[in-house]
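Hi everyone, thanks for making the time. I'd like to walk you through a structure that may be new to you, so let me put it up on the screen.

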Amino acid sequence: MLALLAMVLCLSAAALLFYPIAAEPPLGAWRDELAALWRNYVKALRQRELMAFVHVYQIWSAVVAVNGAFMAIRLTRELGRSDAWFGLVASVGGTVAFAATAATGFFLDRISLRRFCGVSAILVSAATLAAGLTDSAWLSAVVLLLAAALATCSIAPVSMWISRAAGEAGQTAAFSVQKVIAALYVAIGMAVWGLLERWFSVRGLFLLAGLLGLPFALAILRLTEPGTAAAAGANTQGESR
């Protein structure tokens, strides 16, 4: 398996050698490049509505990601299932997440991004709370499958939200800021969950996460959703007339 992965990486690296690249700026232009990059970052950070969405949603996404990591402890150490059993459930979760991603576009064409994210948070919250209330390994496995599917589906609305809010010129900086914030919250979540697990067990952490999901869902539903590019263009034409 590792040999196959190494072969794929080598072939990918070889393919990149033939990929055309744009002309690189002179070496002395790095100061201007850094200054422009910093201005774009500052511009992205000053967009309050965009940053409100990034912080609220990424904190909740970090909670979901950390719960997924601690689900292995819940199923194996606390509920007595084998590592192979958990691996099988995780494999099925990947397949379910793949199928859910294909269905995401269907829902995003029919409901708003804000409602999609808020409803997803409510469903994950209810499932996580159920996992904390039950001692059934099978029900906990269902929670893992649901969380994996919804976590994967949430990637598309986040990208669309940031793309619409930042605009074409500021997308790169906005996405960079979002990735940094997401990684920071996941790192903090892992540390905090690891400390709390000593006193409350993984089951207690699931109960806590389930209770936290409702206020996060309400916070997401109260956010101001950015309009589409088509709507923005229509508003601009209306104002010019």
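Let's start with glutamine 58, which is buried, with a relative accessible area of 8%. Buried here means under 20% relative accessible area, exposed means over 50%, and partly exposed is in between, using a 1.4 Å probe and protein chains only. Glutamine 58 sits in helix 3, residues 48-78. Helices are DSSP runs of H or I with at least four residues, strands are runs of E with at least two, and both are numbered from the N terminus.

A quick word on the model: it is predicted, so local features need pLDDT of at least 70 and side-chain atom pairs count only at pLDDT 80 or more, while totals for chains, interfaces and linings use all residues. Residues are numbered from 1 along each chain as its sequence is written, and side-chain values use heavy atoms, with hydrogens and water left out.

Back to glutamine 58. Which side chain does the side chain of glutamine 58 join in a polar contact? The partner is glutamine 178, with a polar contact of 2.8 Å. By polar contact I mean a pair of N or O atoms within 3.5 Å; within protein, one must be able to donate a hydrogen and the other to accept it, and residues adjacent in sequence count only if both atoms are side-chain atoms. Not counting residues up to four places away in sequence, glutamine 58 touches Phe53, Val158, Gln178, Ile181, Ala182 and Tyr185. Contact means heavy atoms within 4.5 Å.

Helix 3 also holds arginine 74. Is arginine 74 buried or exposed? Arginine 74 counts as buried, at 3% relative accessibility. A polar atom of its side chain lies 2.7 Å from the backbone oxygen of threonine 134. Leaving aside neighbours within four places in sequence, the contacts of arginine 74 include Leu79, Asp135 and Phe206.

Now let's step back to the whole protein. There are 8 helices and 0 strands. Buried residues make up 32% of the 241 residues. Of the contacts with a separation of 6 or more, 82% are between residues 24 or more positions apart.

Next, the spaces inside. How many cavities of 30 Å³ or more does a search of the whole structure find? The search finds 1. On a 1 Å grid over the protein atoms alone, a cavity is a set of points where a 1.4 Å probe fits but cannot get out, a pocket is an open set with protein on both sides within 12 Å along at least five of seven lines, and lining residues have an atom within 4 Å of a point. Grid points are joined across faces, edges and corners, and a volume is the space filled by probe spheres set on the points.

The largest cavity holds about 80 Å³ of space. Helix 3 gives the largest share of its lining, 4 residues, and helix 3, helix 5 and helix 6 each supply at least two. The lining divides into 7 nonpolar, 3 polar and no charged residues. In this count Ala, Val, Leu, Ile, Met, Phe, Trp, Tyr, Cys and Pro are nonpolar, Asp, Glu, Lys and Arg are charged, and the others, Gly among them, are polar.

One of the residues lining this cavity is threonine 128. Threonine 128 is in helix 5 and counts as buried at 6% relative accessibility. Among the residues it touches, beyond four places away in sequence, are Asn67, Val143 and Phe206.

Helix 4 (83-108), helix 5 (113-133) and helix 6 (137-153) each give two or more residues to its lining. Helix 5 provides the largest share, 5 residues. By class, this lining has 9 nonpolar, 2 polar and 1 charged residues.

Serine 201 is found in helix 7, residues 155-221. Most residues other than glycine have a negative phi. Serine 201, which is not a glycine, has a positive phi of about 65°, and it counts as partly exposed at 26% relative accessibility.

Phenylalanine 216 is in helix 7 too, and is buried, with a relative accessible area of 18%. Leaving aside neighbours within four places in sequence, phenylalanine 216 is in contact with Val56, Ile59 and Trp60.
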